[in-house]
Amino acid sequence: MADNIGNKAAHDYHLDVPAAQEGFYVKGNAHCGWGMKNRLARMFRPESGNTVMLAFDHGYIMGPTAGLERIDLVIPPLVPDVDVLMGTRGVIRSCISPAVSAAKCVRVTYDSTVLYDDMSNGGGIACDINSAIEMNADCMAVQTFLGASGESRSLELLARTADAGSRYGIPTLGVVAVGKEMERTEKFFLLATRVLAENGANIVKSYYCEGFERVAAACPVPIVIAGGKKLPELEALEMAYRAIQEGAHGVDMGRNIFQSDSPTGMAQAIGKVVHEGYTPAQAYEVYQEIKHQK
Ligand code: R5P
């Protein structure tokens with residue numbers, strides 16, 4: 001029986017205070033549902049509005065990649081320094097502890113491997129929505145190939161993933177692929193990032209380019225930049241800094257972290273740029289300091 005005798009009467013209705021109508025800080029996602037926003041908030045820190053995603057999904061098309069020969073040894077030590085882990089379900093399941101606190105972005109489509117010249121041909125679903133839910137995914141990543149033979153197929157996979165994601169509150173990350181034949185220009189990235197957002201991506205992963213501020217401005221959802229091939233550490237920090245200053249909301253970086261001579265140093269230095277506005281020189285000092293602690 002309910003114990004309803006002698007309870008304090010409710011009276012603090014704050015009639016003079018309007019109901020909290022919080023906006024939502026992740027660009028373009030203010031009208032999504034609570035679950036979707038909750039997952040986005042696990043990825044993008046409220047203090048900075050930005051994210052550091054650690055990408056280690058390269059093996060899904062490339063097999064063992066330099067620095068990722070033993071994911072079980074390389075990635076776990078970096079987890080405390082990043083916000084999101086991006087990988088395939090196979091590798092997350094086998095190499096990452098389920099007790100991990102970082103958010104997980106699961107790559108949910110497969111593509112042709114590097115054994116084929118045209119990797120856009122032959123993509124499909126590698127992890128369906130039920131499996132993504134079972135993995136407790138915070139985000140689902142779909143590779144798209146604009147300007148390649150698999151363009152339509154990859155856009156269909158993106159849209160279907162975004163449909164399923166919006167049903168269950170899981171954001172979709174649209175990944176802009178760049179291939180041998182694809183130009184890495186402002187014109188291409190303007191088109192690609194916008195097309196992905198219009199087809200349902202909640203977040204877009206693309207590349208830094210000249211004119212990036214126009215690319216970021218024209219994309220209605222956050223852009224995170226890929227690192228690309230390994231650069232000297234200072235150059236990678238400069239690229240991340242310019243991208244953030246020009247409107248990126250984070251990085252989704254792999255080789256420039258795990259192929260560094262100090263992966264922890266780079267992960268922390270990138271975090272300083274992304275979340276605290278450190279200049280490349282300041283962040284490089286952080287990298288150096290941690291490197292020499294070894
Ligand atoms: C590329 O297909 C992979 O998905 C990587 O996640 C992506 O390229 C980011 O890694 P990196 O910074 O090494 O380019």
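Two rings of Phe, Tyr or Trp are taken as a pair if their centres lie within 6.5 Å, and in this predicted model the structure holds five such aromatic pairs. One of them is formed by phenylalanine 24 and tyrosine 25, whose rings lie 5.1 Å apart centre to centre with 45° between the planes, so that the pair counts as tilted. Tyrosine 25 has a relative accessibility of 32% and therefore counts as partly exposed. Elsewhere, ring pairs link Phe188, Phe189 and Tyr207 into a cluster.

On the side of helix 11 the contact is made by Thr264, Gly265, Met266, Gln268, Ala269, Lys272 and Val273, which meet Ala283, Val286, Tyr287 and Ile290 in helix 12. Among the residues of this contact, seven are nonpolar, three are polar and one is charged.

Helix 12 also meets helix 9, which spans residues 233-245, and here the axes come within 9 Å and cross at roughly 135°, which means that helix 9 is oblique to helix 12. This crossing, too, is right-handed. Glu233, Leu234, Leu237, Glu238 and Tyr241 in helix 9 face Pro280, Ala283, Tyr284 and Tyr287 in helix 12 across the contact, whose residues divide into seven nonpolar and two charged, with no polar ones.

Methods: Residues numbered from 1 in each chain as written. Predicted model: local features only at pLDDT ≥ 70, side-chain atom pairs only at ≥ 80, totals over all residues. Heavy atoms only, no water. Contact = heavy atoms within 4.5 Å. Helix = DSSP H or I, 4+ residues; strand = E, 2+ residues; numbered from the N terminus. Nonpolar A, V, L, I, M, F, W, Y, C, P; charged D, E, K, R; others polar. Phe/Tyr/Trp six-rings, centres within 6.5 Å; stacked < 30°, edge-to-face > 60°. Buried < 20%, exposed > 50% of the residue type's maximum accessible area, 1.4 Å probe, protein only. Axes fitted to C-alpha atoms, helices over the stretch in contact; angles between N-to-C directions. Parallel < 35°, antiparallel > 145°, perpendicular 65-115°, else oblique. Left-handed = near helix turned anticlockwise from the far one by under 90°.
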